[in-house]
Amino acid sequence: MLSWDTGSNLTTPSDPHFRLSDTVCQRAWVEIDRGALIHNVRQLKGLLRPETALMAVVKADAYGHGAIAVAETVLEAGATWLAVATLQEGIQLREAGIASPILVLGAINTPGEVDAIARWQLQSTLCNAQQALMFAEVLAQRQQTLTVHLNLDTGMSRLGTPWQDATAFVRLVAQLPSLKLGGIYSHFATADDPDPTVMNLQQEYFGRAIAQIQAEGISLPLLHIANSAATLRDCAFHYDLVRVGLALYGLYPSPHLRPTIDLKPVLQVKARVAQVKTIAAGTGISYGYKYIADRDMRLAVVGIGYADGVPRNLSNRLQVSVRGQRIPQVGAITMDQLMLDVTAIPDLQPGEVVTLIGTDEEQVISADDWAESLNTISWEILCGFKHRLPRIFVN
Ligand SMILES: *Cc1c(COP(=O)(O)O)cnc(C)c1O
């Protein structure tokens, strides 16, 4: 891997005690509320039976929140497992000194990757027999054993062995001395949908596969199937551990799951006013003049743009909070800047803070609001903030 591929280490503060005052140097930043993260872990733990473990899903740099600091915080707060999507994400956590079990959810397909999985003591997902045999061969050479989790496809049609073939797959893995069966899991496709039909069917398939495996006399490892939505939905989905991502970060996978527990959003996005001026009625604003001032207007230029992860598709539709007031964004969002109509705050000064996502006095702007405007999901919004924005931990 080229060294610039790991450049995220430079801008993801591993020091969770980063001071808020550090924002004085920033034109724009992502603020991470440790207290909210701890609160969410406790709320989630409160839903679980004592014997069910909380696996914190910290893939994609902890959904844009900063994987190392998030991992350290959630482990302190009561999570006992971590999950990542890629080998590199797992190594990043180990290099930071994190010792908890880490499950890699993505597929590992080359001997070199197996080597690294073994060296860094990560737990790997196996999706089929071919992978299992490749793992066994590499591990035999290293004279090492590894704990693996088998992924069963019960209806997601993504990674995993078709659930109907689970027994043969598990039998094979059980016969390979270098592989220790640590878990069997599956993943829901529609857990956030109010209609439970597909979800219940997937759970039934998972149950049937497990019953067949048990009938073979194979002792069952950890079983897990629940993402955030399933975790919030019903403890019947919890099994031995739950794999929670979105809810950790304080968002609900769907409005109908809101009443279950009280979650607090962890991430806020803030930027500073770079310049304020008055423009005359009829003046075009930003590239392409996609907005023409219909009156004399106080205009604020703010130092954040699409290269920071504010989608250009929100141009003329974004609303931000300034001094606790809702303020409309005007004209095309540019790479490093965007403009606001601040006629309502004529004395606004350069350097003042604008809240793009977060709570500012009475105003609450959530990643859900952005997701709705963009016809996408909050997961994508959270992951969209670039590493150019430092993650600053507060509370
Ligand atoms: C991302 C992921 C999760 C977490 O999903 P959330 O909806 O964010 O809780 C759980 N399991 C697997 C396999 C995943 O890929």
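**Reading helix packing and a ligand site**

Ala129, Ala132 and Leu133 of helix H7 meet Phe169, Leu172 and Val173 of helix H8. This is a predicted model.

Trainee: Which classes of residue make the contact of H7 with H8?

Mentor: Sort the residues by class. The H7 contact with H8 has six nonpolar residues, no polar ones and no charged ones.

Trainee: At what angle do the axes of H7 and H8 cross?

Mentor: Start with the axes. Angles under 35 degrees count as roughly parallel. Helix H7 spans residues 129–142. Its axis and that of H8 cross at roughly 5° and come within 10 Å. That angle makes H7 roughly parallel to H8.

Trainee: Now the next pair. How far apart are the axes of H8 and H9, and at what angle do these helices pack?

Mentor: Find H8 at residues 166–175 and H9 at residues 197–215. Their axes are 9 Å apart, and the angle is about 45°. H8 is therefore oblique to H9.

Trainee: On to the ligand. How many residues surround the ligand, and which are the closest?

Mentor: List the neighbours, then pick out the closest. The ligand is surrounded by 13 residues. The closest are Lys59, Tyr63, Ser228, Arg243 and Leu246.

Trainee: Which atom of the ligand is 2.7 Å from the side chain of Lys59?

Mentor: Look at N and O atoms. In Lys59, a side-chain N or O atom is 2.7 Å from an oxygen atom of the ligand.

Trainee: What lies 2.8 Å from a polar side-chain atom of Arg243?

Mentor: A nitrogen atom of the ligand. His187 also has a polar side-chain atom to check, 3.5 Å from a ligand nitrogen atom.

Notes: Residues numbered from 1 in each chain as written. Predicted model: local features only at pLDDT ≥ 70, side-chain atom pairs only at ≥ 80, totals over all residues. Heavy atoms only, no water. Axes fitted to C-alpha atoms, helices over the stretch in contact; angles between N-to-C directions. Helix = DSSP H or I, 4+ residues; strand = E, 2+ residues; numbered from the N terminus. Parallel < 35°, antiparallel > 145°, perpendicular 65-115°, else oblique. Near = heavy atom within 4 Å. Polar contact = N/O pair within 3.5 Å; in protein donor to acceptor, adjacent residues only side chain to side chain. Contact = heavy atoms within 4.5 Å. Nonpolar A, V, L, I, M, F, W, Y, C, P; charged D, E, K, R; others polar.
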